[in-house]
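Subject: Structure handover

Hello,

Here is the structure for you to look through. Please open it first, then read my notes beside it.

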Amino acid sequence: MREEDFWKSLTDKMKFYRESAEIRQKDIAQKLGVSESTYRSYELGGRRIPVDLLVKLAQIYDVSVDVLIGNTKADNEPTIVSGTFTLDQTEKIRK
């Protein structure tokens, strides 16, 4: 995996888990002990999140660091499917 793909995947996961937990960037930043703008920059890929904060983030979301960095998939993590599907196909995907 290219380095830029790795970081894009990580930031996508950070955002996914935060939004799934319905937590604001401000609240995650506070839990990590950084400013909201710093966290926002991590999530947008402008800055790289330090390993110690990545470990804290994994603890907050109750997943392993491996899940966040894409080495493994969480048991409850949905598979993202994209494309154009019929209504019947869409219903089968939802199930």
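Below is what was found, from the overall fold down to single residues.

Start with a caution. This is a predicted model. The pLDDT averages 85 over the chain, and 80% of the residues score at least 70. Confidence is highest in α3, with a mean of 96. It is lowest in helix α6, residues 87-94, where the mean is 66. Where pLDDT is low, the predicted coordinates should not be read in detail.

Now the fold. The chain has six helices and zero strands. Along the sequence the pattern reads α-α-α-α-α-α. There are 95 residues, and 29% of them count as buried. Take the contacts in the chain with a separation of 6 or more: 49% of them join residues 24 or more positions apart.

Next, the core. Nonpolar side chains tend to be buried together in soluble globular proteins. Here the largest nonpolar core holds 19 residues. Which of them touch the most other members? They are Tyr 39, Ile 49, Leu 57, Tyr 61 and Leu 68. Five helices each supply at least two residues of this core: α1 (3-20), α2 (25-32), α3 (36-44), α4 (51-61) and α5 (65-69). The largest share, five residues, comes from α4. Look at Ile 49 in particular. Leaving aside residues up to four places away in sequence, Ile 49 touches Trp 7, Leu 10, Met 14, Tyr 42, Leu 54 and Leu 57.

Then the helix packing. Two packed helices are described by the angle between their axes and the distance between the axes.

Now α1 and α3. Their axes come within 7 Å and cross at roughly 120 degrees. This pair is therefore oblique. Thr 11, Met 14, Lys 15 and Arg 18 in α1 meet Tyr 39, Tyr 42 and Glu 43 in α3.

On to the rings. How many aromatic pairs does the structure hold? It holds three. One of them joins Phe 6 and Trp 7, with ring centres 5.2 Å apart. Their planes stand at 85 degrees, so the pair is edge-to-face. Phe 6 counts as partly exposed, because its relative accessibility is 25%. Elsewhere, Phe 16, Tyr 17 and Tyr 61 form one aromatic cluster. Tyr 61 also belongs to the core described above.

Last, two loop residues. Glu 22 lies in the loop between α1 and α2. Its phi is near 55 degrees, a positive value in a residue other than glycine. Is Glu 22 buried or exposed? Glu 22 counts as exposed, because its relative accessibility is 73%. Asp 62 sits in the loop between α4 and α5. The phi of Asp 62 is also near 55 degrees, again positive in a residue other than glycine. Asp 62 is exposed too, with a relative accessible area of 70%.

Best wishes

Technical notes: Residues numbered from 1 in each chain as written. Heavy atoms only, no water. Core = buried A, V, L, I, M, F, W, Y, C linked by side-chain atoms within 4.5 Å. Buried < 20%, exposed > 50% of the residue type's maximum accessible area, 1.4 Å probe, protein only. Helix = DSSP H or I, 4+ residues; strand = E, 2+ residues; numbered from the N terminus. Contact = heavy atoms within 4.5 Å. Phe/Tyr/Trp six-rings, centres within 6.5 Å; stacked < 30°, edge-to-face > 60°. pLDDT = per-residue confidence, 0-100. Axes fitted to C-alpha atoms, helices over the stretch in contact; angles between N-to-C directions. Parallel < 35°, antiparallel > 145°, perpendicular 65-115°, else oblique.
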